[in-house]
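These are my notebook entries on a structure that I looked through by region. I set down each look-up in turn, with the cut-offs that I applied.

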Amino acid sequence: MKVSSITACPLDCYDACGIIYDEGKIKPMKEGHTNGFLCPHLNHYLENKRIELPRYKGENISMQEALNKLKEILSSSLKSDILHYRGSGNFALMQEVTDHFFANFGAVLTDGSLCDGAGEAGIINGRGSNKNMPLSEIAKSEVVIFWGRNPHVTSSHILPLIKDKKVIVIDPVATKIAKSADIFVQIKPHTDIFLALLLTRFVSINDSLDEEFIEKYASEFEEYYELTQGVRIKATLENIGVSLGQIGDILELCINKKVAIVCGVGVQKYRDGADILRAIDAFAVSLGLFAKEGSGVAYLGNSKENIESAFMTKAKRVSKVNTKFDEFATVFIQGANPLAQMPDGSRVKNAIQKSENVIYFGLYENETSEIADLVIPAKNFLEKNDVRSSYSHNGLLVMNKQIESAIGISEYDLAAYLCEEFGVVLKSESEYLQHYKNFGVRHIDGSVQVEGRDVEPYKDGFDTDDGEFVFLEEFETQQNSNDDEFYLITPKSPSSLNSQFKRSTEVLLHPSLGYDDGEILCISSDNGEVLLRAKNSDALRKDTIVIYSGTKGVNNLTSSKHSYEGKNAVYQENRVKIKK
Ligand SMILES: Nc1nc2c(c(=O)[nH]1)N[C@H]1C(S)=C(S)[C@@H](COP(=O)(O)OP(=O)(O)OC[C@H]3O[C@@H](n4cnc5c(=O)[nH]c(N)nc54)[C@H](O)[C@@H]3O)O[C@H]1N2
Ligand SMILES: Nc1nc2c(c(=O)[nH]1)N[C@H]1C(S)=C(S)[C@@H](COP(=O)(O)OP(=O)(O)OC[C@H]3O[C@@H](n4cnc5c(=O)[nH]c(N)nc54)[C@H](O)[C@@H]3O)O[C@H]1N2
Ligand code: SF4
Ligand SMILES: [Mo]
């Protein structure tokens, strides 16, 4: 294998697969976590139609003209009236080079998260940091609990590792993994906090607490136990769709076993998302999972853990959840499709259209490129150099350029042009690449891993001031709903990566509701409505509908409120109605 033909998938995905580019084909690495297979996104990557030419107000122009135009636009606005909005279309580390330009130039950047921020905040509240249980540790477990994670769709490289393990699934949807699981709890959406509290209470009732671990690292457990006692058992279980028998079965499988709780973003797309992850963590604490090999809690880790940014990106920031685009004269959008992916889509559209200059820097046409004044095509991952890390394993992957192409411009070259024109200091591309490569160390198995990351985080205590887990002291979760309202679940689609690739056009609902496949339905919420084709699915609960992330118009239904903690979007907070 030629080193020069090695690269990695650039997408925002747990797995961060290694790739060989060979004779014009994208092939999986056989070694390591990639395990000789890729997912449909990369198997069909080269079939996607790209934006090939820059354009201004609908007219095609050359790249030089586009750069001149960009310079003219940036010179014509007050610096503080310029917003740089960057998404996660490409997850590699050099993508941040544009932040370096815009921050040093004096423009405004974003903070907050459309993704995992609420859960992360809860994890940090409890443990003092967000260190992830890596794939290599999950491989050593005996029992895996998929809690609001859909591995066949979003993280398929975990599947070969769990073949011989007991599997428990907690999800409102009977996903593929749920169908083959040893225990499947088809929980009512947004009630996981109750299940986590009750499981913890029953660990104690059962005399199965890991007393030694709790004494050392979780000495406030007694107070927390009182909180769990506030949950009425019978009424709560009935309400959330779980039986006492299932609680018993879960504990029976988990006690004295190596258990990996693998959480996804599904559980935390709500205002109280932080508390939900923290309550799940507390269940893990009660069983002493953090102290044992092959045991613990995996979530979306921080892909940049132990990797220092090469760029200076200190800037004024505004939230990327409810961004007031209309307060900016110029909005530069990179690697994102905010018109489709941000919550409260109609608000986003109205606000962004009031901005004088919208610039879109990306690979594909979408809702955002459609309304942009200036469109600048980017180079894809095969056409530029980069380095990436992952949020589910500790690998550091070098992404060598594979193809010379006349299309587009790389993020580095675009930033270099702007830095030159506006007098911002920028180092050479190879210096930045080397900066990132230096965080890797080669392991005995040949893989390169981020140096200094814990393989068994929290084994010797937490990262809080006193090394102890900080339990939730109170919680509040809204549960009022009308009978004619449904829960809206917006998980990831098998055929798209958020709004990239093949996007769904359907609403999935339970057959008992009596709609025909293909019938056009109007789904509405307090925020807006969308028309979608019906598709019946008996994988759903009767009180829940599914519209995949990336479906056009799904975010007309969602609210741009923030989670109470973590500045995150809350895509599943609103209930919806169905009309013919
Ligand atoms: N194919 C594909 N892969 C992707 C992506 C994609 O768009 N497509 N996106 C990537 C990105 S950006 C991310 S962040 C990750 C996310 O990947 P995951 O963490 O797997 O996230 P989701 O698919 O949003 O939700 C996971 C599961 O949570 C369930 N769920 C929803 N609400 C609840 C709830 O209230 N309680 C419980 N217990 N479960 C619930 C859903 O039914 C779903 O099965 O995937 C990445 N991988
Ligand atoms: N309803 C609902 N909405 C959601 C979610 C949900 O679960 N439900 N999930 C949320 C989550 S978890 C996330 S992470 C966000 C993701 O939302 P976004 O960050 O907006 O991501 P994408 O929709 O994948 O759009 C990425 C764009 O990046 C561009 N791109 C790809 N590669 C490159 C590159 O190398 N360079 C440049 N310059 N551009 C590139 C492509 O043109 C593509 O259109 O969506 C959020 N929105
Ligand atoms: S599984 Fe994830 S990292 Fe692997 S090829 Fe697919 S999108 Fe890329
Ligand atoms: Mo995400």
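Entry 1. I began with Phe311, which is buried at a relative accessible area of 8%; buried means under 20% relative accessible area, exposed over 50% and partly exposed in between, with a 1.4 Å probe and protein chains only. I then searched the whole structure for aromatic pairs and found 27. Phe311 and Tyr436 form one such pair, which is tilted, at 6.3 Å centre to centre and 55° between the planes. Phe311 lies in the loop between strand E12 (296–298) and strand E13 (317–319) and Tyr436 in helix H18 (residues 429–437), so the pair ties together parts that are 125 residues apart in sequence. Tyr436 is also buried, at 1% relative accessibility. For the pairs, I took rings of Phe, Tyr and Trp (its six-membered ring) with centres within 6.5 Å; planes under 30 degrees apart are stacked, over 60 edge-to-face, and the rest tilted. Helices (H or I, at least four residues) and strands (E, at least two) are DSSP runs numbered from the N terminus.

**Conventions.** This is a predicted model, in which local features need pLDDT of at least 70 and side-chain atom pairs count only at pLDDT 80 or more, while totals for chains, interfaces and linings use all residues. Residues are numbered from 1 along each chain as its sequence is written, chains are lettered from A and ligands numbered from 1 in the order in which they are written, and side-chain values use heavy atoms, with hydrogens and water left out.

**Entry 2. Further ring contacts.** I noted one aromatic cluster formed by Phe213, Tyr217, Phe221, Tyr224, Tyr225, Phe290, Tyr458, Phe462, Phe469 and Phe471. I also looked for charges over rings (NZ of Lys or CZ of Arg within 6 Å of the ring centre and within 35 degrees of the ring normal). The charged end of Arg149 sits over the ring of Tyr14, 3.6 Å from the ring centre. Lys320 lies over the face of Tyr85, at 5.6 Å from the ring centre.

**Entry 3. The sheet that holds E6.** I traced an open sheet of six strands with mixed pairing, in the order E5-E4-E16-E15-E14-E6. Strand E5 (59–60) and strand E6 (82–86) are at the edges with a single partner strand each, so one side of each has no neighbour in the sheet. Two strands pair if DSSP finds at least two bridges between them. E6 runs parallel to strand E14 (residues 330–334), and five bridges join them; Arg86 has Gln334 in E14 as its bridge partner. Side chains in a regular strand alternate between the two faces of the sheet. In E6, Ile82, His84 and Arg86 on one side and Leu83 and Tyr85 on the other are all buried, and both faces are covered. Five of the five residues of E6 are buried, so the rest of the structure largely encloses this strand.

**Entry 4. Strand E25.** I found four of the five residues of strand E25 (residues 520–524) buried, so this strand too is largely enclosed by the rest of the structure. E25 pairs with strand E26 (residues 529–536) in the antiparallel sense over five bridges, and the two form a hairpin with four residues between them. Leu521 has Leu532 as its bridge partner in E26.

**Entry 5. Ligand 3 and the cysteines.** Which residues are around ligand 3? I listed Cys9, Leu11, Cys13, Asp15, Ala16, Cys17, Leu38, Cys39, His41, Leu42 and His157, where near means a heavy atom within 4 Å. By class, this shell has eight nonpolar, two polar and one charged residues; Ala, Val, Leu, Ile, Met, Phe, Trp, Tyr, Cys and Pro count as nonpolar, Asp, Glu, Lys and Arg as charged, and the others, Gly among them, as polar. Cys13 is buried at 19% relative accessibility. I searched the whole structure for disulfides and found zero, taking a disulfide as two cysteine sulfur atoms within 2.5 Å. The sulfur of Cys254 is 12 Å from the closest cysteine sulfur, in Cys263, too far for a bond.

Entry 6. Most residues other than glycine have a negative phi. I recorded Glu23 with a positive phi of about 45°; Glu23 is exposed, with a relative accessible area of 74%. His190 has a positive phi near 60° but is buried, at 5% relative accessibility.
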